Amino acid sequence: MRIRHCVVSAALILSACTADPEPYVIVTSDIHLSNPTGRWPTTTKRFENFLKSLKNAPPQILFVVGDVIDNVRPSPTDGVMAGDVDYWSDEVNIYRSLQRLVPETQFRQTLGPGHDFIAPVSLELAEKELGPRNGSLQWGKYKFIWTTIHDASFWPPGGRYVNSMAKVDYAWLTKELRSTQNAILLFHVPLRTEINFLYGKWPGGLNLTIDPRDRLYTIIDNHASRIRAIFNGHIHKFAQSEYQGIPLYLCPFFDQDCFCKVYADPRALRIEPTNCS
């Protein structure tokens, strides 16, 4: 039930009547928070303004599907280079400070290879400071399940093959999917659909989508009836497609402040891309 609040003037004249906002979750990716001396300092200000805009109707949860921080700094000799641990830590602290703008909202994030963790920042350190590589969170009848892809790019079929995750991560994901009938999956590097493959072309023949030989596809195939939506990131373009009949979304904040609102309607999940084109 949605409760309606009415504002009454001093003269007891009804002046406004508005409904409480429907509970919702925001899913976005690739916010690339940057140090003031970093590559994209404007992204930090834009995300700050975005969070401030949510104050009157904050989401219950805000998921960032990888590349929370940029961790890239200009180099006079190499163009750009990854930051050291102190530089990375400064951007993690920026993320923490921005979360305080909407204290009613839970923040969760997947980890993006090459930005959230890259040598000398280990995946273990990223987990300690940003959050676990794998996790789940119950939201009504839906269960958000997130995991971390270890590589940023993969070869097309016929090229060199590497696993996207460790064996223990595949086993963990299988167990989580067996535990629910209403899963929402989140991981940074996208599955390979037609549009994702097109948008994900990368120099040298690589692609910013997961190799279709990966065990992750088999796991999703085996549990497709349990999965209500998949959210990815990594590619800085909005894309909406499907895999095995499952709606698949890329809602990157980068460049155009794109995000997806997720509502738990009684009959079905409702997903509304916003600022996405």
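This is a predicted model: local features need pLDDT of at least 70, side-chain atom pairs count only at pLDDT 80 or more; totals for chains, interfaces and linings use all residues.

Residues are numbered from 1 along each chain as its sequence is written, and side-chain values use heavy atoms, with hydrogens and water left out.

T147 is found in the loop between β9 (142–146) and α4 (167–178); helices (H or I, at least four residues) and strands (E, at least two) are DSSP runs, numbered from the N terminus. With a relative accessibility of 2%, T147 counts as buried; the term means under 20% relative accessible area, with exposed over 50% and partly exposed in between (1.4 Å probe, protein chains only). Leaving aside residues up to four places away in sequence, T147 touches T110, R133, N134, M165, W172, L186 and F187, where contact means heavy atoms within 4.5 Å.

The sheet comes next. Six strands form an open sheet with mixed pairing, in the order β8-β9-β10-β11-β13-β12; two strands pair if DSSP finds at least two bridges between them. At the edges stand β8 (135–139) and β12 (239–243), each with a single partner strand, so one side of each has no neighbour in the sheet. From one strand to the next, the twist averages 20 degrees; axes are lines fitted to C-alpha atoms, for helices over the stretch in contact, and angles run from 0 to 180 degrees between N-to-C directions. The pairing of β12 with β13 is antiparallel and extends over five bridges, and A239 has L250 in β13 as its bridge partner.

Helix α4 packs on the sheet, where it touches β8, β9, β10 (183–186) and β11 (227–232), and its direction makes about 175 degrees with that of β9. Helix α6 (residues 215–222) lies across β10, β11, β12 and β13 and runs at about 70 degrees to β12. At the start of α6, the backbone nitrogen of L216 has a side-chain oxygen of D214 within 2.9 Å. L216, Y217, I219 and I220 are buried in α6. These residues cover an arc of only 160 degrees around the axis, which puts them on the same side of α6; the arc is that of the directions from the helix axis to the C-beta atoms. The buried residues of α6 pack against α4, β10, β11, β12 and β13.

The structure also holds two disulfides, a disulfide being a pair of cysteine sulfur atoms within 2.5 Å. One is formed by C251 and C260, with their sulfur atoms 2.2 Å apart. The torsion about its S-S bond is about -65 degrees, so the disulfide of C251 and C260 is left-handed. C251 is buried at 2% relative accessibility, and C260 is buried at 0%. Another disulfide joins C258 to C276, with 1.9 Å from S to S. This link of C258 and C276 is right-handed, with 90 degrees about the S-S bond. The pair links distant parts of the chain, 18 residues apart: C258 is in the loop between β13 (246–250) and β14 (259–264), and C276 is in the segment after β15 (269–274). C258 is buried, its relative accessible area being 0%. With bonded cysteines counted along the chain, the disulfides of the protein chain follow the pattern 1-3, 2-4.

Conventions: A polar contact is a pair of N or O atoms within 3.5 Å; within protein, one must be able to donate a hydrogen and the other to accept it, and residues adjacent in sequence count only if both atoms are side-chain atoms.
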